Amino acid sequence: MSTSHQIELECPHCGHKQVATLWGSINVTVHPHLKEEFFKGRLNFFDCEECKMQTPTICGFMYNDMHKKILVQYQPPQEMEDREFLDLFTANGTVVLPEELAKIPEIQQYMSQPHVVFDMEELRRYVRFRELLYERRGPETGGSGGTGAEDESPN
Ligand SMILES: [Zn+2]
């Protein structure tokens, strides 16, 4: 699921008010075009139609690639201490899931361990890193055993 909401914002440069769309989360498996927009830096920016200045918005954001199991949560650094945000996590930095999700082991493992960043650029870098690993290693099989040596032998 991808979620967005519309909000009226004021341009910090010229004071012009206009409605902007802020994305709280994108699921790139379901909405691949949003991934493209995100990597072009088009999401969660306030594009002033008056003075043409671009301003990043202060908006929490979750990147979810269900296929590659990449889950990254961006939190604006100035909102790191928000009670609501902190309440999402255990002391170990894992997410407290609703009971119905916690019952499904595969979801539990992936959804409860988002990579948390406080910088949007870092989010892009991290996704890129994970995609490189995915290309190199293939899908995570779940098992932690094995040396991986068999992957290297040319058959
Ligand atoms: Zn402006």
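**A first look at the chain**

Tutor: In this predicted model, residues 24 or more positions apart account for 50% of the contacts in the protein chain with a separation of 6 or more.

Student: OK, how many helices and strands are there in the chain?

Tutor: The protein chain has five helices and seven strands. Along the sequence they follow the pattern β-β-α-β-β-β-β-α-α-α-β-α.

Student: What's the strand order in the open sheet?

Tutor: The order is E1-E2-E5-E6-E7, five strands with mixed pairing. Strand E1 (3–10) and strand E7 (115–117) each have a single partner strand, so they stand at the edges and one side of each is left without a neighbour in the sheet. On average, neighbouring strands of this sheet are turned by 25° against each other, direction ignored.

Student: And which helix packs on the sheet?

Tutor: Helix H5 (residues 120–137) does, touching strand E5 (61–65), strand E6 (70–74) and E7. The direction of H5 makes about 170° with that of E6.

Student: Back to E1. In what sense does it pair with E2?

Tutor: Antiparallel: E1 and strand E2 (residues 17–27) pair over eight bridges. Ile 7 has Ala 20 in E2 as its bridge partner.

Student: New topic. Where is Pro 98?

Tutor: Pro 98 is in the loop between helix H2 (83–86) and helix H3 (99–102).

Student: Is Pro 98 buried or exposed?

Tutor: Exposed, because Pro 98 has 8 other C-beta atoms within 10 Å, and the cut-off for exposed is 12 or fewer.

Student: How much of the chain is buried?

Tutor: Buried residues make up 14% of the 155 residues.

Definitions and conventions. Residues numbered from 1 in each chain as written. Predicted model: local features only at pLDDT ≥ 70, side-chain atom pairs only at ≥ 80, totals over all residues. Helix = DSSP H or I, 4+ residues; strand = E, 2+ residues; numbered from the N terminus. Buried ≥ 20, exposed ≤ 12 C-beta atoms within 10 Å, placed from the backbone. Contact = placed C-beta atoms within 7 Å. Pairing = 2+ DSSP bridges. Axes fitted to C-alpha atoms, helices over the stretch in contact; angles between N-to-C directions.
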